[in-house]
Amino acid sequence: MIRAFRDPDLAAVYALQLKCPHAAQWCKEDYSLLAADAHGMILVAEIETLARVSHSAEPFSSGQQKGGTSVPPPEEPLFALPSPGPRRLEPQAARAGRDKSNCPPFETAGLEPRPSRCGEESGPERSEVVGFAAFYRVNEEAELRNLAVDPAHQRRGVARSLLQEGIRRLKESGVRRIFLEVRASNHPAITLYASLGFRLHATRKEYYQHPVEDASLMALDILPPFKAP
Ligand SMILES: CC(C)(COP(=O)(O)OP(=O)(O)OC[C@H]1O[C@@H](n2cnc3c(N)ncnc32)[C@H](O)[C@@H]1OP(=O)(O)O)[C@@H](O)C(=O)NCCC(=O)NCCS
């Protein structure tokens, strides 16, 4: 399921970012501010998993009920904070692409629990955030500012679903063109963007640091440019 970011997702989104060095490495507050900004939009991909019921006699921690079944955190309302300054998608270290697996596409993958470990049984369903996409809109243009999918859930269509839903929502709100920047060596991401219709718009020489690398500025026209009558 693709849905809007909520405050309780922050820890999961931040953890995803840390697992993906190619994603822009933001601090937690950046996500909170972007989500609260009227021009910002963060979408998360959530799947249902089965909570594990352990037979071990470990003491209960907060968030666990007797029997070891995890309790999902309570839903919290969207927060409203001041607007953040502009930030751009800024992937960090280069990273090799993953091999394509035989995993099912995202739509069906969400219905399938992970296999149990030894000594554990499946408990009630709970949800897990496995990817996110962050956008920022300025008038009729928007930017994709960050994107990451948990490495354990890649190549199942999660990112494609996130971007398609983001594009749909932006189009509905009147956005005509979406931009993004990506490291020239990030072939998995570039292949993904190209498959959705993004085209190379410009190259920014030595835009990234650590390591120094060009940025490919890609653009997708989702509505024809406005022409005054
Ligand atoms: C790039 C990234 C978001 C893709 O997420 P994903 O959920 O695995 O992507 P999808 O499963 O939706 O893939 C959709 C298409 O993208 C392309 N693609 C995705 N990963 C690829 C890879 N490793 N190699 C080649 N093509 C890839 C393919 O065309 C794929 O379609 P296919 O599976 O039918 O061939 C993910 O690899 C990631 O989080 N990378 C680290 C963070 C990052 O690079 N963010 C972008 C910064 S600009």
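Where is Pro211 found?

Reply: Pro211 is found in the loop between β6 (199–208) and β7. Before the details, a word on what you're looking at. Residues are numbered from 1 along each chain as its sequence is written. The model is predicted, so local features need pLDDT of at least 70 and side-chain atom pairs count only at pLDDT 80 or more, while totals for chains, interfaces and linings use all residues. As for the labels, helices (H or I, at least four residues) and strands (E, at least two) are DSSP runs, numbered from the N terminus.

Now back to the loop. The peptide bond leading from His210 into Pro211 is cis, with omega near -5°. His210 sits in the loop between β6 and β7 too, and its phi is near 50°, a positive value in a residue other than glycine. His210 counts as exposed because it has 7 other C-beta atoms within 10 Å.

With 9 other C-beta atoms within 10 Å, Glu206 is exposed.

Why call β5 enclosed? Six of the seven residues of β5 (residues 177–183) are buried, so the strand is largely enclosed by the rest of the structure. Strand β5 also pairs with β4 (residues 141–149), through four bridges and in parallel. Ala142 stands opposite Ile178 there. To get from β4 to β5, the chain passes through helix α4 (residues 158–172), making a right-handed β-α-β crossover. Right-handed means that, with the strands pointing away from the viewer, the path from the first strand over the helix to the second runs clockwise.

Helix α4 holds Ala159, which counts as buried because 24 C-beta neighbours lie inside 10 Å. Leaving aside neighbours within four places in sequence, Ala159 is in contact with Gly131, Leu147, Val149 and Leu192; contact here means C-beta atoms, placed from the backbone, within 7 Å. Ala159 and Tyr193 are 34 residues apart along the chain, with 9.7 Å between their C-alpha atoms.

Ile178 turns up again in the largest nonpolar core, which has 45 residues; those with the most contacts inside it are Ile42, Leu43, Phe132, Ala133 and Ile178. Strand β3 (residues 120–138) gives the most to this core, with seven residues. Such a core is a set of buried Ala, Val, Leu, Ile, Met, Phe, Trp, Tyr and Cys residues joined through C-beta atoms within 7 Å. Not counting residues up to four places away in sequence, Leu43 touches several others, including Phe132, Ala133 and Leu162.

Note on methods. Buried ≥ 20, exposed ≤ 12 C-beta atoms within 10 Å, placed from the backbone. Pairing = 2+ DSSP bridges. Contact = placed C-beta atoms within 7 Å.
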